[in-house]
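Thank you all for coming.

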Amino acid sequence: MARGRGNDAEQTSEPTDWVTRAADDAIRHAGEDATLITCASGASPSGPVHLGNLREFLTVHFVAEEIRRRGLPVRHLHSWDDYDRFRKVPAGVDPSWSDHIGRPLSAVPDPEGCHVSWAEHFKEPLVTSLREMGVEMEEVSQTEMYASGAYRDQVLHAVSQRREIEAVMARFRTKAPATEADLAGGETAEGGQEPAEDSLERFPFKPYCRQCGRDTVTLTSYDDATHDLAYTCGSCDFVGSTNLATQNEGKLVWKVDWPMRWAFEKVDFEPGGDDHATPGSSYTVGKEIVQPTFGWRAPSFVAYKFVGVAGMAKMSSSRGGVPTAADALRILEAPMVRWLYVRRQPKQVFTIDLGQEVVRLYDEWDSLTRKAGDPAKRDVAVLAWERASSTAYAGVLPTPESVAPFRLLSSVADVTAGSAELISTTVGAAGFPHPSVEALEPRLAKAMAWIADLPAEERTTVREAPATARLAALSEAEQGWLRHLLDALPAELELDSTTSLIYGVPKLARGLALDDAPTDEVKADQKEFFRLLYELLVDAERGPRLPTLFLALGSAKVRELLGG
């Protein structure tokens with residue numbers, strides 16, 4: 001394999017990050033003679049693929065992109081574990097679906113009736129979101145692989161090596177101290193059940209019942225000569241057998257299945273949750289099984305930590321689940337979602353806050369975007385921005401042609417009840433000119449979606465009519481402030497002059513000019529004046545920046561609500 005730019009990070013002073021190092025490891029694993037580097041991910045479509053699961057997909061994607069950037073042949077191979085058993089009925093689903101517990105996810109009906117199976121119902125929205133984020137994968141269905149007999153030779157080989165496999169697994173198995181009763185039942189003094197010779201208790205293959213399709217079976221015998229595996233089903237009382245050499249009615253157990261797939265697909269890199277890397281866990285056991293049993297070496301591995309979600313739990317729970325990539329993409333531009341994952345090392349725990357923290361995230365992203373425009377400032381933070389902003393598959397991901405701050409767009413959207421044209425006009429008047437509403441997309445739509453999802457108590461509600469009781473109870477100072485404001489308020493508002501006027505009214509009331517420096521008394525008056533304006537305009541103690549609020553409402557509406 002031509003090395004291309006394989007050693008770029010070592011030969012230049014370019015910034016490096018966790019992606020660089022993981023790509024280096026994958027390339028070393030593949031070796032000089034490899035014609036293709038395989039970076040693998042896997043997930044079970046047992047429910048909505050939430051933002052925590054998304055780390056599995058994006059970790060592999062970024063590593064594959066880095067290898068591709070170096071000019072090396074690479075693929076992102078994703079295995080859908082849709083041949084896994086259906087374990088439980090989630091809240092909100094008809095309890096009758098409990099009848100399908102134990103069947104493959106691909107054999108369970110979609111409770112909403114819009115897809116061919118439970119598995120496909122949860123695959124499709126995630127794949128759509130990944131494409132929006134520029135993620136390209138070669139997808140493999142484990143149902144199709146097992147049902148087609150693609151793994152038949154590997155299954156037979158694993159079964160023939162079951163004693164050797166069990167010896168490896170036994171070394172990692174957690175063993176409780178044996179009691180006298182345990183010892184009488186055949187358990188060793190060290191603890192743990194001592195299997196009888198050729199016991200089926202830990203057989204590496206588990207069939208699905210031919211009659212009911214569930215995995216609730218008890219194995220009764222296996223014939224190495226004929227490959228017949230006999231069983232009884234605890235759900236439907238079926239008694240029969242499956243032939244591992246001619247029939248495809250089950251799968252290898254997980255700790256054998258995973259290393260088998262590493263060898264079958266020649267995987268060079270695959271991450272996993274950090275629970276997979278603890279003693280006795282899937283990766284730890286798998287890397288001991290894969291070489292002697294399947295003749296491959298364990299892929300380079302990156303363990304990743306938990307990703308939490310805040311600020312959207314209330315919204316998502318009403319939809320029946322945790323926030324997904326699609327939920328995040330309603331609010332965040334695609335590069336920003338990618339950036340949340342690539343800027344942190346996989347071992348770092350972090351929380352995605354889709355509530356008020358979104359405004360700060362957009363500010364931070366815009367600041368980083370400006371920094372990325374200066375080649376002299378290229379560092380690891382800019383490298384993360386570059387990885388987030390474009391892919392080899394999709395090119396540069398969509399961002400606004402005309403960038404306006406998210407906090408401005410969302411504030412105006414809140415006050416104007418989501419009128420795109422009115423938002424556009426106000427944003428232009430606020431100092432962010434743009435040729436059309438479309439030039440503000442996709443950010444404008446995301447700001448409107450975010451505002452629409454906020455709880456009522458976090459939104460701004462403009463008064464429909466003047467607060468007559470409060471206006472009648474104005475103090476002498478308050479009356480003076482409003483008189484100065486209304487006397488100078490023009491029919492057409494412009495950001496700078498409106499800002500100067502709002503901040504200057506308390507100066508005028510104390511005999512100062514608009515451009516005079518504020519005194520301590522003026523600063524105290526400004527706080528009280530601003531509180532009064534919010535109370536009269538939106539019946540709250542705070543809200544959007546007052547100049548933005550004035551521009552969004554327009555001069556006539558402001559006059560009406562202030563009694564002018």
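How many disulfides does a search of the whole structure find? What we are looking at is a predicted model, and the search over the whole of it returns zero disulfides. Take C236, whose closest cysteine sulfur belongs to C209: the two sulfurs are 3.6 Å apart, which is too far for a bond, because a disulfide needs the sulfur atoms within 2.5 Å. As for accessibility, C236 has a relative value of 21% and so counts as partly exposed, whereas C39, at 0%, counts as buried.

Let me turn to the sheet. Three strands form an open sheet in the order β1-β2-β3, with parallel pairing, and the edge strands, each of which pairs on one side only, are β1, residues 37–43, and β3, residues 138–141. From one strand to the next the twist averages 25°. Between β1 and β2, the latter spanning residues 74–80, there are seven bridges, and these two strands run parallel; the bridge partner of A40 in β2 is L77.

Finally, the helices. Helix α13, residues 334–342, and helix α14, residues 357–372, have axes that come within 11 Å and cross at roughly 90°, which means that α13 is roughly perpendicular to α14. On the α13 side the contact involves P335, M336, W339 and L340, and these meet L361, Y362, E364, W365 and L368 in α14. By residue class, the contact of α13 with α14 comprises eight nonpolar residues, one charged residue and no polar ones.

Methods. Residues are numbered from 1 along each chain as its sequence is written. This is a predicted model: local features need pLDDT of at least 70, side-chain atom pairs count only at pLDDT 80 or more; totals for chains, interfaces and linings use all residues. Side-chain values use heavy atoms; hydrogens and water are left out. Buried means under 20% relative accessible area, exposed over 50%, partly exposed in between (1.4 Å probe, protein chains only). Axes are lines fitted to C-alpha atoms, for helices over the stretch in contact, and angles run from 0 to 180 degrees between N-to-C directions. Helices (H or I, at least four residues) and strands (E, at least two) are DSSP runs, numbered from the N terminus. Angles under 35 degrees count as roughly parallel, over 145 as roughly antiparallel, 65 to 115 as roughly perpendicular and the rest as oblique. Contact means heavy atoms within 4.5 Å. Ala, Val, Leu, Ile, Met, Phe, Trp, Tyr, Cys and Pro count as nonpolar, Asp, Glu, Lys and Arg as charged, and the others, Gly among them, as polar. Two strands pair if DSSP finds at least two bridges between them.
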